[in-house]
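Welcome, and thank you for taking a look at this structure. Below you will find a short briefing, grouped by topic, to read alongside the model.

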Amino acid sequence: MRQHCALKHGIFKEFLAEFLGTFVLVLFGCGSVAQTVLSRNTLGEPLTVHIGFSVGLMMAAYVAGGVSGGHVNPAVSLAMVILGKLKIWKFPFYVIAQFLGAFAGAAAVFGLYYDAFMDFTSGILSVTGINATGHIFASYPARHLSVLGGFIDQVVGTGMLVLCILAIIDGGNIGAPKGVEPLAIGLIIMAIGVSMGLNCGYPLNPARDLGPRLFTAVAGWGMEVFSTADYWWWIPVAGPMVGGVVAAVLYYLLIELHHPREEQEKPQQEEAEEDEEDEDDEDSSLKDKYEMITMS
């Protein structure tokens, strides 16, 4: 009974950690986009957005990392499941917490800038047009981007994110100093933002994109958030999941699989040492017996 209660308490803590971590990510990330767009680029620029999402992810990892690992991304959680670093039964709880946290983060940004939204849009919330604001919360493709191109973009971008995260937390690799991992992970987003942001703004996270998109659908933007750009919405949901799986498999096959198996060697060495100690004990006991016989 106690074990069952402890188990429920443990997953509840991890659920709350993932919720709060994703909330922090979206609040800083989408907040930086809102400030840039609503100020008509007078208080922000593309670099502002890159910094907002980078620092947002870093802070999210600091908030949730010690409790749940600070995944704040279903693609990362799925990669951890594949590599055996997260129990599969926990995966749905993590994903639900991440989506709810992203939804709440989007709501917080809208509440924080509500007056600015009304002033910018004259009360008409739209996804397209000169006063479009839907892209503050979710990704939309550039005019040149095809559906296939967008899917590949998300697979590659999320793959690089997960690949680098796995390298940072890998104890068998160089890794990052304890406590500095979130900073290094934040720098990954900065690198992706300045190198892969042209096509669709590097969502890389199904929860971070779909959660705020759902919020915009119910907050006044309507179902246009799903139908725009030939129903683009599923690309930043499916693409990152595929990218996370590909990255996990590649990292395991090309890097992790080739680490020296020290953990497997240590038990063997310990068994050998125990055998030697047993032999020494037997030899000493035989010697003692021999000395006792000769003395008698």
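The chain holds 11 helices and zero strands. Please keep in mind that this is a predicted model. Of the 296 residues in the chain, 43% are buried.

**Overall layout**

- Reading from the N terminus, the elements run α-α-α-α-α-α-α-α-α-α-α.
- An unreviewed UniProt entry places the feature "transmembrane region" at residues 15-38, 50-70, 91-114, 151-171, 183-204 and 231-254.
- The span of residues 15-38 is 100% helix and 0% strand, and its end C-alpha atoms lie 33 Å apart.
- For residues 151-171 the make-up is 90% helix and 0% strand, with 32 Å between the end C-alpha atoms.

**Aromatic rings**

- A pair of aromatic rings is described by how far apart the centres are and by the angle of the planes.
- The count of aromatic pairs in this model comes to 13.
- One of them joins Phe103 and Phe215: the ring centres are 5.6 Å apart and the planes meet at 85°, an angle over 60 degrees, so this pair counts as edge-to-face.
- Phe103 belongs to helix α4 (residues 91-112) and Phe215 to helix α8 (residues 206-221), so their pairing ties together parts that are 112 residues apart in sequence.

**The largest pocket**

- The largest pocket has a volume of about 980 Å³.
- It is lined by 34 residues, and those closest to its centre are Val33, His135, Tyr140, Cys200 and Gly201.
- Helix α2 supplies the largest share of the lining of the largest pocket, four residues.
- By class, this lining has 18 nonpolar, 12 polar and four charged residues.

**The second largest pocket**

- The second largest pocket has a volume of about 580 Å³.
- Its lining has 32 residues, and Ala61, Gly69, Gly70, His71 and Ile185 are the closest to its centre.
- Two or more lining residues come from each of α2, α3, α6 (147-169) and α7 (181-196).
- Which element gives the most to the lining of the second largest pocket? That is α2, with seven residues.
- The lining of the second largest pocket divides into 19 nonpolar, 10 polar and three charged residues.

**An enclosed cavity**

- Rolling a probe the size of a water molecule over the atoms shows where empty space is left.
- The structure holds one cavity of 30 Å³ or more, and the largest cavity has a volume of about 30 Å³.
- The residues lining the largest cavity are Leu83, Lys85, Leu166, Ile169, Asp170, Tyr251 and Glu256.
- This lining consists of four nonpolar, no polar and three charged residues.

**Backbone points to look at**

- Most residues other than glycine have a negative phi.
- Val72 is not a glycine, yet it has a positive phi of about 45°.
- Val72 is found in the loop between α2 (46-68) and α3 (74-82).
- Is Val72 buried or exposed? With a relative accessibility of 1%, under the 20% cut-off, Val72 counts as buried.
- Tyr231, also not a glycine, has a positive phi of about 60°.
- Tyr231 has its place in helix α9 (residues 224-231).
- Tyr231 counts as exposed because its relative accessibility of 51% is over 50%.

Note on methods
Residues are numbered from 1 along each chain as its sequence is written. This is a predicted model: local features need pLDDT of at least 70, side-chain atom pairs count only at pLDDT 80 or more; totals for chains, interfaces and linings use all residues. Side-chain values use heavy atoms; hydrogens and water are left out. Rings of Phe, Tyr and Trp (its six-membered ring) pair if their centres lie within 6.5 Å; planes under 30 degrees apart count as stacked, over 60 as edge-to-face and the rest as tilted. UniProt positions are given in the numbering used here, feature names are shortened, and annotations may be inferred rather than shown by experiment. On a 1 Å grid over the protein atoms alone, a cavity is a set of points where a 1.4 Å probe fits but cannot get out, and a pocket is an open set with protein on both sides within 12 Å along at least five of seven lines; lining residues have an atom within 4 Å of a point. Grid points are joined across faces, edges and corners, and a volume is the space filled by probe spheres set on the points. Ala, Val, Leu, Ile, Met, Phe, Trp, Tyr, Cys and Pro count as nonpolar, Asp, Glu, Lys and Arg as charged, and the others, Gly among them, as polar. Buried means under 20% relative accessible area, exposed over 50%, partly exposed in between (1.4 Å probe, protein chains only).
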